[in-house]
Amino acid sequence: MDFTFTDDELAFREAISRFLMVEAAPEVLREIWETDSGRSPDLRHKMAEQGMTALSVPEECGGMGLGDVAWSLMTQELGYYGIPDSLADTAYVAEGLINDLPESIRDRQGWLERIAEGDVRIAVGHSVNPLVADAHLADLLLLEHEGEVHVLSREQVSLEDNPSIDSSRRLSRIRWEPSSSTRLVDSENGRALWESALNRGALSAAGQLLGLAQRMLDLSVDYAAQRKQFGKPIGSFQAVKHQLADVAGKIEFAKPVLYRAAYALEHADPLVDVHVSQAKLACGDAAWLAARHGIQVHGAMGYTWEVDLQMFMKRTWALDPDWGDRGFHKSRVAAHVLMDDAQLGPGHTFREA
Amino acid sequence: MDLTYTPQQQAFRREVRAWLADNVPLEPLANCDTREGFEQHREWERKLFDNRLSMVMWPEELGGRGCDLVEWLIFEEEYYGAGAPMRVNQNGQLLLGPTLMEFGSEEQKKRFLPRMAASDDMWAQGWSEPNAGSDMANISSKAIRDGDHYVINGQKTWSTRALFADWIFGLFRSDPNSSRHHGLSYLVVPLNAEGVTIRPIKALNGQDAFAEIFFDNVRVPIDNRIGEEGQGWRVAMATAGFERGLLLRSPARFQHAARRLVELYKRHQTQADRDPTIRDAVCEVWAGAEAYALSAYYTVGRLSRGERIGAEASINKVVWSELDLRLNETAMRILGPRGELLAEAPAIGEDAGWLEGFLFAQAGPIYAGSNEIQRNIIAERMLGLPKS
């Protein structure tokens, strides 16, 4: 039993955090929003140089060969700095799906190599999400059709743009025709692939939500320490303190739930579905509370476009229902807890106990 | 990261499980807030001690097994999973015990720890006073030096099961001219000493669950002081940290209760589902107990990396106390009109026990430092917000 990260994992997280602090500052992201594509090839290139696209690509394909546990730290940084969807979707969710493909599939290795190099954007369309993120720039789309895995180029689909309140989002409804020429994996083998992809997508969103919660808490603590009313910083008042203390509590208690879910996915735990859903719910809760209490602590400033809190609140509201909304994840938890022979109670937290 | 148990840890789990299966009383013991129940629990504690299971983390020479924190979590999981009796000497074993190990002299350790592990001595706490509750630094009970003794005068209150206990530990003002957290000393006092009067306080459950203690020229030798004279605050803060932190409310206790809640819900599902929020509450409580267990293992991992737990102990206290409330409130909602029934009421049948848990849960956010105080600590020490 060793519920810790390695020094290497922690050092990598630290390096990514320092890099994003400089390269993805809020003013940079706001400028990128205003561009036609909403994406910056330059920033993407720099992130690839840092190794962010190669994290879980196998070493023989030019990657670092790390897994979901390492991504549970990385996704928090992506959330903390409000990095748009495409990076995690390509380098984590799509990479995981491609990595799980049978090795007999001809293009598998080439795709993995291109992901590691950072010169490909892949959008993932799963039926749990009515819209697909970042399809407008995708070199490749991995799409679900009744459990089958289809691969299409952008030219093979038609996109309907659906603007979101989260200015970093680029969402499309996709029209496309599944055919035998687009089908990569049949439904018999595809369903398990999509189940893992869904869990990976949900964990990606959960990690980002936890990072967003921490960012909103940090912004709110800074604001409460410098904003004065009645001659004192508002952060000295108990009513303000307690709102932020509750956010800190939610964040601290969501972390191990996220990490255990990542471990379960990486090690193919039979209870991975319920563990991932617990993580998604816990991280979503933390982020919603951080947004609600964050805007309350910011007062009217929190309701403005100008103050950066808005970027992280809106991303929270957008990501929380991504890869399964609360109803979806609560149903999976309830199915486990209420089934007839459920192994509940002390001693059943970890699998083989 | 490796979230599997070693073969040794699994063997330890099997050993504890087997022993408990053979030894846990089939009939529940009497309520430990009564004299009869208290003594039954003391007997149970002695049985645990005789098998070196009362304080598994303590070294072998003190009657323990030298277990690490993971093994302690395993022990707790098996203990609560087996429905074993409440640990009636926790005040001593979990709060004073670690304090003695850190601040006590060798002589004090020898004198108190083995008897504590065996529950030959039962311990009560002496922190709160009528005018020192959340504001603990306002303590006014005095312990004035007279040769090689202290002479204690004053009053302590809210002391759990002090009516039946043998000793009390707490803070007393040894410098009469001091104020706040200066000039306090940490003393242990036998409750049968001349000049000690214990007056029971009837708790919400109608039992003499706690007491106020009056000290009238009570003389204790200076050997009964833990740590330096005037340094009591620092010693006490360490104890308060243990209490709020991992040890006092191990996750297994709530996981066991959450499992019972799921079973209660399933027994009464038709009735419960008329309120569609109950099912969700049951699942949330289960997930909350699991999150608390995961947090405990994660904390153990952090400690093993040499990290220190600071204000996070306060988060723990808020979380377990509010989880316990939600858990028992949900049970009361499932029971509906039978929720009010005492355990001896025929109509409550196999659903007995929730009312007692519900009442006790009301105290959780108050004792061991009220949750308001905990939230102040989180905000000031963890988030760095300014003091009011």
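1. In chain A of this predicted model, His150(A) has Arg183(A) of strand 7 as its bridge partner. Strand 7 of chain A and strand 4 of chain A, residues 148-152, run antiparallel to each other and are joined over 2 bridges. Strands count as paired if DSSP finds at least two bridges between them; helices (H or I, at least four residues) and strands (E, at least two) are DSSP runs, numbered from the N terminus.

2. Some conventions apply throughout. Local features need pLDDT of at least 70, side-chain atom pairs count only at pLDDT 80 or more, and totals for chains, interfaces and linings use all residues. Residues are numbered from 1 along each chain as its sequence is written, while chains are lettered from A and ligands numbered from 1 in the order in which they are written.

3. The pairing described in the opening point belongs to an open sheet of 4 strands in chain A, in the order 1-3-4-7 and with mixed pairing. Its edges are strand 1 (122-125) and strand 7 (183-185) of chain A, each of which pairs on one side only. From one strand to the next, the twist averages 30 degrees.

4. Two helices of chain A pack on this sheet. Helix 5 of chain A, residues 86-100, touches strand 1 and strand 3 (140-145) of chain A, and its direction makes about 60 degrees with that of strand 1 of chain A. Helix 7 of chain A, residues 187-226, touches strand 1, strand 3, strand 4 and strand 7 of chain A, with a direction at about 75 degrees to that of strand 4 of chain A. Residues are in contact if their C-beta atoms, placed from the backbone, lie within 7 Å. Axes are lines fitted to C-alpha atoms, for helices over the stretch in contact, and angles run from 0 to 180 degrees between N-to-C directions.

5. A second open sheet in chain A has 3 strands in the order 2-6-5, with antiparallel pairing. Strand 2 (132-133) and strand 5 (158-162) of chain A each have a single partner strand, so one side of each is left without a neighbour in the sheet. Strand 2 of chain A pairs with strand 6 of chain A, residues 171-175, in the antiparallel sense over 2 bridges. Ala133(A) stands opposite Leu171(A) in strand 6 of chain A.

6. Helix 7 of chain A also meets helix 8 of chain A, residues 238-266: their axes come within 10 Å and cross at roughly 155 degrees. The two helices are therefore roughly antiparallel, the term for angles over 145 degrees. Helix 7 of chain A passes helix 8 of chain A in a left-handed crossing, in which the near helix is turned anticlockwise from the far one by less than a right angle. Among the residues that meet are Leu203(A), Leu210(A) and Leu217(A) in helix 7 of chain A and Val247(A), Ile251(A) and Leu258(A) in helix 8 of chain A. This contact divides into 17 nonpolar, 4 polar and 2 charged residues. Ala, Val, Leu, Ile, Met, Phe, Trp, Tyr, Cys and Pro count as nonpolar, Asp, Glu, Lys and Arg as charged, and the others, Gly among them, as polar.

7. The contact between the chains takes 42 residues from chain A and 48 residues from chain B. On the side of chain A, helix 7, helix 8, helix 9 (272-298) and helix 11 (326-337) each supply at least two residues. Helix 8 of chain A gives the most, with 14 residues. The side of chain A that touches chain B divides into 25 nonpolar, 10 polar and 7 charged residues.

8. In chain B, the axes of helix 7 (residues 251-267) and helix 9 (residues 277-304) come within 9 Å and cross at roughly 160 degrees. Helix 7 of chain B is therefore roughly antiparallel to helix 9 of chain B, and their crossing is left-handed. Residues of the contact include Phe254(B) and Tyr265(B) of helix 7 of chain B and Trp286(B) and Tyr292(B) of helix 9 of chain B. By class, this contact has 14 nonpolar, 1 polar and no charged residues.

9. Helix 9 of chain B has a further neighbour in helix 10 of chain B, residues 312-335; these axes come within 10 Å and cross at roughly 150 degrees. The crossing of helix 9 of chain B and helix 10 of chain B is left-handed. The residues of their contact divide into 11 nonpolar, 2 polar and 2 charged.

Key:
Parallel < 35°, antiparallel > 145°, perpendicular 65-115°, else oblique.
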